[in-house]
Amino acid sequence: MTAEDLVQVAVDSERCIGGGQCEMLEPEAFLLDDEEVVSAVIGTGTLPRRRAEAVAHRCPGAAISIIEPEIPSDTDG
Ligand code: SF4
């Protein structure tokens, strides 16, 4: 796993305090609603891990989380 691996991001709308830091940093992955109070994930919602961690770190509401990809089990076959 590298810093460039794509990971899925998610916004906890209960924690989001608006402001749009995420949308400013990653406009392809986040969008504030019309009242600019809650952000949501848009598009594929994926970012390279390094950028996902950076935007999560800068979210003032600690509302952004990274959904770790499932590690494929090698027990099949
Ligand atoms: S940076 Fe965090 S608190 Fe601000 S709008 Fe985005 S998810 Fe909400």
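Two residues are in contact if their C-beta atoms, placed from the backbone, lie within 7 Å. By that rule, among contacts in the protein between residues at least 6 apart in sequence, 61% join residues at least 24 apart.

The structure is a predicted model, in which local features need pLDDT of at least 70 and side-chain atom pairs count only at pLDDT 80 or more, while totals for chains, interfaces and linings use all residues. Residues are numbered from 1 along each chain as its sequence is written.

**Overall layout**

The protein has 2 helices and 5 strands. Helices (H or I, at least four residues) and strands (E, at least two) are DSSP runs, numbered from the N terminus. Read from the N terminus, the order of elements is β-α-β-β-β-α-β. Along the principal axes, the C-alpha atoms of the protein fill a box of roughly 50 × 20 × 20 Å.

**The sheet**

Three strands form an open sheet in the order β4-β1-β5, with antiparallel pairing. β4 and β5 are the edge strands, and each pairs on one side only. Neighbouring strands of this sheet are turned by 45° against each other on average, direction ignored. Two strands count as paired if DSSP finds at least two bridges between them. The two pairings are listed here.

| Strand pair | Sense | Bridges |
|---|---|---|
| β1 and β4 (residues 46-48) | antiparallel | 3 bridges |
| β1 and β5 (residues 64-67) | antiparallel | 4 bridges |

Val7 stands opposite Leu47 in β4, and Gln8 has Thr46 in β4 as its bridge partner. Val9 stands opposite Ile66 in β5.

Gln8 is in strand β1. Not counting residues up to four places away in sequence, Gln8 touches Gly45, Thr46 and Ile67. A residue is buried if 20 or more other C-beta atoms lie within 10 Å of its own, exposed if 12 or fewer, and partly exposed in between. Gln8 is partly exposed because it has 16 other C-beta atoms within 10 Å. Pro69 lies in the segment after β5. Pro69 has 13 C-beta neighbours inside 10 Å, so Pro69 counts as partly exposed. Pro69 and Val7 are 62 residues apart in sequence, yet their C-alpha atoms are 6.7 Å apart in space.

**The nonpolar core**

Of the 77 residues of the protein, 16% count as buried. A nonpolar core is a set of buried Ala, Val, Leu, Ile, Met, Phe, Trp, Tyr and Cys residues joined through C-beta atoms within 7 Å. The largest such core has 11 residues, among them Val9, Val11, Phe30, Leu47 and Ile64. β1 (6-11) and α2 (49-58) are the elements that give two or more residues to this core. In soluble globular proteins, nonpolar side chains tend to be buried together. Phe30, one of the core residues, is in contact with Cys22, Glu23, Ser39, Val41 and Ile42, leaving aside its neighbours within four places in sequence.

**Around the ligand**

The ligand is surrounded by 16 residues, and the closest are Cys16, Cys22, Ser39, Cys59 and Gly61. Here a residue is near a molecule if its C-beta atom, placed from the backbone, lies within 6 Å of it. The shell divides into 10 nonpolar, 6 polar and no charged residues. α1 (21-25) and β2 (30-32) each supply at least two residues of this shell. Cys16, Cys22 and Cys59 also belong to the largest nonpolar core.

How values were computed:
Nonpolar A, V, L, I, M, F, W, Y, C, P; charged D, E, K, R; others polar. Axes fitted to C-alpha atoms, helices over the stretch in contact; angles between N-to-C directions.
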